[in-house]
Amino acid sequence: DGGSIPDHEAAMERIRAVTGCGTQTALAAALGITRSFVSDARRRKVIPADWLLTLYAAGVNPDWILTGDGAHLLCPAEADPPVVQTVPVAKIRPSE
């Protein structure tokens, strides 16, 4: 478990926003935990580390969850094309 965070309700709101879960029951299902675990975390004003790990595995930035700073996704699904262009090996062989 993590320690108490200063703006717990804002962090919970960011979790609800990124998961699309409006209720504790839906959030518990999304995180693979029981509703009572969500209630306990709210009461203690903590965001458990395993929640952050679950969200991280889904590409969510844990710093954004805790502080609201930075991009909310670590790897956006619609990323810009890579800067480096790949060239097929056949095109870089010297001509014979």
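Visitor: Which residues of H1 meet which residues of H3?

Guide: His8, Glu9, Met12 and Arg16 in H1 meet Val38, Ala41 and Arg42 in H3, contact being heavy atoms within 4.5 Å. By class, three of these residues are nonpolar, one is polar and three are charged. This is a predicted model, in which local features need pLDDT of at least 70 and side-chain atom pairs pLDDT 80 or more, while totals for chains, interfaces and linings use all residues. Residues are numbered from 1 along each chain as its sequence is written, and side-chain values use heavy atoms, without hydrogens and water.

Visitor: What makes H1 roughly antiparallel to H3?

Guide: The two helices pack at an angle of about 150 degrees, with their axes 10 Å apart. Angles over 145 degrees count as roughly antiparallel (under 35 as roughly parallel, 65 to 115 as roughly perpendicular, the rest as oblique). H1 is therefore roughly antiparallel to H3.

Visitor: Is the crossing of H1 and H3 left-handed or right-handed?

Guide: The crossing of H1 and H3 is right-handed.

Visitor: Why are H2 and H3 called roughly perpendicular?

Guide: The axes of H2 (residues 24-31) and H3 (residues 35-44) cross at roughly 110 degrees and come within 8 Å. That angle falls in the perpendicular range, so H2 and H3 are described as roughly perpendicular to each other. Gln24, Thr25, Leu27 and Ala28 of H2 make the contact with Arg35, Val38, Ser39 and Arg42 of H3. The residues of this contact divide into three nonpolar, three polar and two charged.

Visitor: How do you know that the buried residues of H2 line one face of the helix?

Guide: Leu27, Ala28 and Leu31 are the residues in question, buried meaning under 20% relative accessible area (exposed is over 50%, partly exposed in between, with a 1.4 Å probe and protein chains only). Seen down the axis of H2, they fall within an arc of 100 degrees, so they line one face. On the other side of H2, Thr25 and Ala29 are exposed.

Visitor: Which helices do the buried residues of H2 pack against?

Guide: They pack against H1 (8-19), H3 and H4.

Visitor: Why does Lys45 count as partly exposed?

Guide: Its relative accessibility is 48%, which lies between the limits for buried and exposed, so Lys45 counts as partly exposed. Lys45 is found in the loop between H3 and H4 (49-57). Its phi is near 60 degrees, a positive value in a residue other than glycine.

Definitions and conventions:
Axes are lines fitted to C-alpha atoms, for helices over the stretch in contact, and angles run from 0 to 180 degrees between N-to-C directions. Helices (H or I, at least four residues) and strands (E, at least two) are DSSP runs, numbered from the N terminus. Ala, Val, Leu, Ile, Met, Phe, Trp, Tyr, Cys and Pro count as nonpolar, Asp, Glu, Lys and Arg as charged, and the others, Gly among them, as polar. The arc is that of the directions from the helix axis to the C-beta atoms. A crossing is left-handed if the near helix is turned anticlockwise from the far one by less than a right angle, and right-handed if clockwise.
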